[in-house]
Amino acid sequence: MTEREYFGTSGIRGRVGEEVDADLALTVGRALAGETDRVVVGRDARTSGPTLVDALAAGLTECGTDVIDVGVASTPTVARAIATWDADAGVAVTASHNPPQDNGLKLWQPSGQAYDQSGQDRLVERIRAADFDRQPWDALGKRSTRTEARAAHAEAIADAVEVADPPSVVVDLGNGAGGVSVDALGAIGCSVETLNAQPDGRFPGRPSEPTAENCSTLAATVGSTDADLGIAHDGDADRMMAVTGEGEFVPGDVLLALFARDAAGPGDRVAVPVDTSLLVADALAEVGAEVVRTRVGDVYVAERTTEEGVVFGGEPSGAWIFPEDTLCPDGPLAAAKLVELVSDAGPLAEQVADVERYPIRRTTFEVREKAAVMERIGDAVEADYEDVDTLDGVRVDLGDAWFLVRASGTEPRIRVTAEARDPERADAVFESACELVETYSEGE
């Protein structure tokens, strides 16, 4: 990997045996040991996980750092366990919602927040310089196994909500590591049925990412039973998406609006990425609150939630951050918060119907030289439009519409998003944005 390919928008991630291998995990372990005495390590269910965990732990212990291995666990379980065992960092070996042939490493701070840019830069600098403090035989770190992390996480979630009338829930774990969600919902009194509950890193039940298409079985199950709602997680359960009691998948922007409106009041702010729908800002305006935009990636959303007046953060992809509880996107906690919201405010379908939606268009272009293409697009947009935001990609506010052209942080792709309150206007803006990518990626 090159210097800037180590960390994308969500940690280190790539194809096993190509971008991600045991040598990489060993090197990251050695680098991380340079600033830690104790590290919590856990993994999702991917078949490559044990190999990468062993290599990571070898790098850490070789340089004198103790390792607490919590085994197969959700990423938020790993993040929370750092404080439990007074560790200096945590590493989740996971590729989150990516396909089974991928894996990666995501690093966490004691606060529960992902490693920020400065932390990532420190590790990359140490890796490039091969600045590793290998220890002699009698000063190696120790590796121990702990099994209490999942139970502690479930207990913390149950303590974070008050549910007077627990609904019945179907939870689709997607063969991932999010079983703590079932534990927590059961602890607060919900009747819980599960789908794809057996951890299996091949993800045989459905693709790991909890999209509407991939959650069709969950939607059909909830819609054909007397369940009140459905919950879906990805492979490491940092994401959570939902289905109404009628079997309708709830779009991520709508779910973000519901969580944000519930969390915020007059003068409050909610952190959202630049690709978030206008409907979230409109929903917050109803309660006197507003959005503050961030780069795409839960680490950036989490950073903004540490600011005064920012009471919640979320991404339409399903990452929800409740800063009073944790700075890690915690899918099982979000599931419990949604159950609490349904108990307090009524059926999820009615709440969803109360959120006005606008036509939004999204697509992705395969682009090899994405950085060069984005530079050309940025120059053209700056020359042709007035209200241009380059916080993350190129976002153009047109008043009654907006569009975003943004390079993927982990793949050779450029993503285009456009939205307007009128469908024809949305189509026209979307077409213009797509033409930009097509024009400036020709002949790359």
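The model is a predicted one, in which local features need pLDDT of at least 70 and side-chain atom pairs count only at pLDDT 80 or more, while totals for chains, interfaces and linings use all residues. Residues are numbered from 1 along each chain as its sequence is written, and side-chain values use heavy atoms, with hydrogens and water left out.

Of its 8 residues, 6 are buried, so E19 is largely enclosed by the rest of the structure; buried means under 20% relative accessible area, exposed over 50%, and partly exposed in between, with a 1.4 Å probe and protein chains only. Strand E15 (residues 360-366) runs antiparallel to E19 and is joined to it by 7 bridges, two strands being paired if DSSP finds at least two bridges between them. Within this pairing, Arg413 of E19 has Glu366 opposite. Strand E18 (residues 401-407) also pairs with E19 in the antiparallel sense, over 7 bridges, and here Leu404 faces Thr417 of E19.

Next comes an open sheet of 4 strands, in the order E12-E11-E13-E14 and with mixed pairing. Its edge strands, E12 (290-294) and E14 (319-321), each pair on one side only. On average, neighbouring strands are turned by 20 degrees against each other, direction ignored. Angles run from 0 to 180 degrees between N-to-C directions, and axes are lines fitted to C-alpha atoms, for helices over the stretch in contact. Strands E11 (residues 269-273) and E13 (residues 310-315) run parallel and share 3 bridges, with Ala271 standing opposite Gly313 in E13. Helix H9 (residues 278-285) packs on this sheet, where it touches E11 and E12, and its direction makes about 145 degrees with that of E12; contact means heavy atoms within 4.5 Å.

Strand E13 also contributes to the second largest pocket, as do helix H8 (252-263) and helix H11 (331-345); these are the elements that give two or more residues to its lining. H8 gives the most, with 3 residues. The lining includes Phe259, Asp262, Val310, Val311, Lys337 and Glu340. A pocket is an open set of points on a 1 Å grid over the protein atoms alone, with protein on both sides within 12 Å along at least five of seven lines, and lining residues have an atom within 4 Å of a point.

Leaving aside neighbours within four places in sequence, the contacts of Thr75 include Ala92, Trp108 and Cys328.

Thr27, in helix H1 (residues 22-33), is buried at 14% relative accessibility. Its C-alpha atom is separated by 8.8 Å from that of Phe132, 105 residues apart along the chain.

Finally, Asp86 is not a glycine, yet has a positive phi of about 50 degrees. Asp86 sits in the loop between H3 and strand E4 (89-93) and is exposed, with a relative accessible area of 61%.

Technical notes. On a 1 Å grid over the protein atoms alone, a cavity is a set of points where a 1.4 Å probe fits but cannot get out, and a pocket is an open set with protein on both sides within 12 Å along at least five of seven lines; lining residues have an atom within 4 Å of a point.
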